Amino acid sequence: MGKPVSEIRNEFSMADSARRKELYILYADDGRKGVKQLIAKYKNEDEKLCMELKRLDAMKVFEKKYAVCQNIAGVDEAGRGPLAGPVVAGAVILPVDCEILYLNDSKKLSAAKREQLFDEINDKAVACGVGIVSAGRIDEINILQATYEAMREALADMGKEPGMVLVDAVTIPKIPYRQTGIIKGDACSISIAAASIIAKVTRDRIMADIDQMYPEYGFASHKGYGSKAHIEAIKKYGPCPLHRRSFIKNFV
């Protein structure tokens, strides 16, 4: 009689990837259903992990391209399109060979996963910065210039000079650093993806706070975007001080 399945299960649960490979060989001839299921389960998890590591490695192409530049910063924004609230930018410098599983464009992640990754990014990053530009400022200088302003603020907020700035889609005016604009950069650069999560989570938290101030608009659910319910609330109650007047003039 071999070891109890419960004991083998505990071995697998405590093993790292190298030890699991040894266990696969050790129990390969064990014909018990429970052991076969354990081996199948952990092999499946190992395969998924391998695929995830390959995906992350593919997202380091620009970080590898500019590897000679120390402190590569990713920059991205959240909130260019909403009718209310600020535009927020994030700037992140990750360590070389940083591994954050499931790091991706913030739009491809659930709110719960973004929150989890937000904490991990802050824990592992060399530097993180946030820039926030208000709705009033957006009305004053337009959304594009406000986005650039938020990005410059985020870079300054890091407290560390980047050797290269990777930006999602745009070129930031008036910064003294080398930079590269990357189309769909939040999906193909881990640095930009990290910045997108920092920006998105920060802005979502701001909109949740705004919802407490102006609950009639439902900011916590739509985050200020132009949903049907949001537009109807604006028509019913009028704009609040945090609405972007230049964005809502067509239906107010």
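**Close-up views of pockets, salt bridges and strand pairing**

**View 1. Lining of the second largest pocket.** The lining of the second largest pocket divides into two nonpolar, four polar and seven charged residues; here Ala, Val, Leu, Ile, Met, Phe, Trp, Tyr, Cys and Pro count as nonpolar, Asp, Glu, Lys and Arg as charged, and the others, Gly among them, as polar. This is a predicted model, in which local features need pLDDT of at least 70 and side-chain atom pairs count only at pLDDT 80 or more, while totals for chains, interfaces and linings use all residues. Residues are numbered from 1 along each chain as its sequence is written, and side-chain values use heavy atoms, with hydrogens and water left out. The second largest pocket holds about 200 Å³ of space. Of its 13 lining residues, E77, A78, G79, K107 and Y225 are the closest to its centre. β1 (72–78) and α9 are the elements that give two or more residues to this lining, and β1 provides the largest share, three residues.

How is a pocket found? On a 1 Å grid over the protein atoms alone, a cavity is a set of points where a 1.4 Å probe fits but cannot get out, and a pocket is an open set with protein on both sides within 12 Å along at least five of seven lines; lining residues have an atom within 4 Å of a point. Grid points are joined across faces, edges and corners, and a volume is the space filled by probe spheres set on the points. Helices (H or I, at least four residues) and strands (E, at least two) are DSSP runs, numbered from the N terminus.

**View 2. The largest pocket.** Its volume is about 330 Å³. Of the 18 residues that line the largest pocket, look for E63, I72, P95, V96 and D97, the closest to its centre.

**View 3. Salt bridges within helices.** The whole structure has 15 salt bridges (a side-chain nitrogen of Lys or Arg within 4 Å of a carboxyl oxygen of Asp or Glu). In helix α3 (residues 33–58), E52 and R55 are three residues apart, so about one helical turn separates them; their side chains meet in a salt bridge at 2.8 Å, N to O. E52 is buried, at 7% relative accessible area, whereas R55 is partly exposed, at 26% (buried is under 20%, exposed over 50%, partly exposed in between, with a 1.4 Å probe and protein chains only). In helix α9, K200 and D204 are four residues apart, again about one helical turn, and the closest N and O atoms of their salt bridge are 3.2 Å apart. Both K200, at 19%, and D204, at 13%, are buried.

**View 4. A salt-bridge network.** Salt bridges that share partners join K3, E11, R19 and E22 into one network. E11 is buried, at 18% relative accessible area, while K3 is partly exposed, at 36%.

**View 5. Strand β1 and its partners.** Six of the seven residues of β1 are buried. Strands pair if DSSP finds at least two bridges between them. β1 runs parallel to strand β4 (residues 164–168), joined by four bridges, and G74 has L166 in β4 as its bridge partner. With strand β2 (residues 87–93), β1 pairs in the antiparallel sense over six bridges; here V75 is partnered by A91.
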